[in-house]
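Morning, everyone. Here is the model I want to walk through today. Have a look at it first.

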Amino acid sequence: MTTLHEPVVTATPAELSVWPASTTEPRPGALTVSGVPLAEVADRFGTPVYVLDENEVRERCRTYRHAFPDAEVLYAAKAFLCRAMVHWTEEEGLGLDVCSAGELELAVTTGFPPERIVLHGNAKSPHDLEAALRLGVGRIVIDSPSEIARLAAAVGPGGHQKVMVRVVPGISAGGHEKIRTGTDDQKFGLSSPTLGFARAGGAPIDGYAQHAIARILDQPQLELTGLHCHLGSQITSVKPYLAAVRRLVGLMARLHEQHGLILPELDLGGGHGIAYRPGEQALDLTALARRVRTELSDACAAAGLPVPRLVIEPGRAIVGPAGIAVYRVLAVKRTGEHTFVAVDGGMSDNPRPALYGVGYAPRLIGRASAAPTAPVTVVGRHCEAGDVLAADVELPADLRPGDLLAVPAAGAYHLSMASGYNLVGRPPVTAVRDGHARLLVRRESLEDIRRRDVGL
């Protein structure tokens with residue numbers, strides 16, 4: 001007697017579109033990345049575990065260098081940073097954009113050239129500035145007027161430091177209101193009436209950017225090299241960047257008129273969007289490079305200015321698609337019409353769904369399933385109702401405790417935003433390359449947590 005079974009479905013190319021390019025499925029359920037089965041990574045290093053495809057990271061660095069051959073490409077370290085990532089970035093010819101003394105010190109002590117590092121931050125501490133000057137950081141981005149006097153005093157009368165000024169271009173762009181940074185209603189940058197801002201009554205607001213620039217020019221130890229802006233994160237359209245070019249070149253033209261100033265650099269920041277689920281839009285890097293280059297050339301020609309060197313700061317777009325988070329199912333609970341699949345991680349290793357309501361596309365790995373799919377909500381282990389990793393996603397109906405779920409596009413803003421909630425410990429980071437897996441960052445242990453707790 002022959003028993004008929006439902007066909008076991010393997011991943012389609014469309015379903016794997018948000019996974020690293022090296023991802024294959026030699027057998028149903030046996031997903032491999034760079035020749036390494038993800039289930040083997042989970043068994044060897046435990047779960048939750050982050051997996052980075054080193055070749056994917058490197059290839060994305062090269063893609064940016066090829067798309068912007070005449071620009072300076074800085075990897076935005078806030079997306080994810082460890083010593084291996086510093087090493088890969090340096091070897092592939094990118095600079096670094098850091099936001100703290102911690103990121104800066106890690107990079108420099110790993111061997112990254114400090115002159116290829118730019119320090120950002122809306123509220124730089126004295127320790128941040130001291131570290132930047134001591135280590136010889138390439139440029140510091142001025143984000144508020146109060147930084148100018150503090151930095152000049154720290155540099156000293158005989159010192160020298162290159163700086164840029166972060167300008168608010170008045171452009172709303174980004175995947176969520178909490179990650180839009182190009183408008184005047186948030187904490188970053190300095191506004192300018194040249195860029196079209198006005199109070200409700202119609203009168204132009206104070207030109208904070210122009211005032212700051214005038215003060216910088218009065219400080220001989222500070223060398224102003226250019227303007228900087230950052231519109232937001234998860235931007236998937238080229239148009240906001242073109243608008244930013246036009247507005248910033250307009251401000252450069254005004255500065256030339258007022259001070260005879262010709263700035264050699266223009267930093268458009270990053271925020272380049274990626275797809276987290278199949279079918280989602282990502283920023284077209286080729287179109288961005290082509291159209292920004294043309295817009296910058298045309299705007300400078302119209303203003304009678306030489307074309308400054310372009311600087312861009314991708315972070316998520318380099319490391320995000322190269323990363324995978326792997327979890328083990330702890331419980332499956334059916335409550336009314338809902339099925340909850342609880343895993344051994346959650347908002348402590350990925351707070352983005354709780355912060356921004358983002359969506360992911362988890363996949364069963366490690367075994368084949370012939371069961372039909374059903375809508376489930378993948379939740380974490382933490383004591384919060386908002387601890388949801390993926391709501392209403394289709395997964396095999398026979399999910400059970402012990403199964404493994406893998407979440408693609410998990411390389412950016414996971415470990416870098418991970419917390420100590422419920423003292424579960426932050427997951428390890430592993431790298432896979434050419435059939436081999438290795439540990440980059442070990443799992444945070446209870447002993448690590450105890451050592452920080454020094455008093456009774």
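Start with Glu147, which is found in helix α6, residues 146–155. Helices here are DSSP runs of H or I with at least four residues, strands are runs of E with at least two, and both are numbered from the N terminus. Glu147 is buried, with a relative accessible area of 2%. Buried means under 20% relative accessible area, exposed means over 50%, and partly exposed lies in between, using a 1.4 Å probe and protein chains only. What does Glu147 touch, leaving aside neighbours within four places in sequence? Gly121, Asn122, Lys124, Val141 and Ile142. Contact means heavy atoms within 4.5 Å.

A word on the source. This is a predicted model, so local features need pLDDT of at least 70 and side-chain atom pairs count only at pLDDT 80 or more, while totals for chains, interfaces and linings use all residues. Residues are numbered from 1 along each chain as its sequence is written, and side-chain values use heavy atoms, with hydrogens and water left out.

Next, Asp349. Asp349 sits in the loop between β13 (338–343) and α11 (352–356). Asp349 is buried, with a relative accessible area of 2%. Its side chain reaches the backbone nitrogen of Gly346 at 2.9 Å. Beyond four places in sequence, Asp349 contacts Pro48, Tyr50, Tyr327, His414, Leu415, Ala418 and Pro427.

Now helix pairs. Helix α4 (residues 101–110) packs on helix α5 (residues 126–135) at about 25°, axes 9 Å apart. Axes are lines fitted to C-alpha atoms, for helices over the stretch in contact, and angles run from 0 to 180 degrees between N-to-C directions. That makes α4 roughly parallel to α5. Under 35 degrees counts as roughly parallel, over 145 as roughly antiparallel, 65 to 115 as roughly perpendicular, and the rest as oblique.

Which residues of α4 meet α5? Ala101, Leu104, Glu105 and Val108 do. On the α5 side are His127, Asp128, Ala131, Ala132, Arg134 and Leu135.

Last pair. The axes of α7 (residues 208–217) and α8 (residues 239–259) come within 12 Å and cross at roughly 45°. The two helices are therefore oblique to each other. From α7, the residues are Gln210, Ile213, Ala214 and Leu217. They meet Leu251, Leu255, Gln258 and His259 in α8. That is my tour.

Conventions
A polar contact is a pair of N or O atoms within 3.5 Å; within protein, one must be able to donate a hydrogen and the other to accept it, and residues adjacent in sequence count only if both atoms are side-chain atoms.
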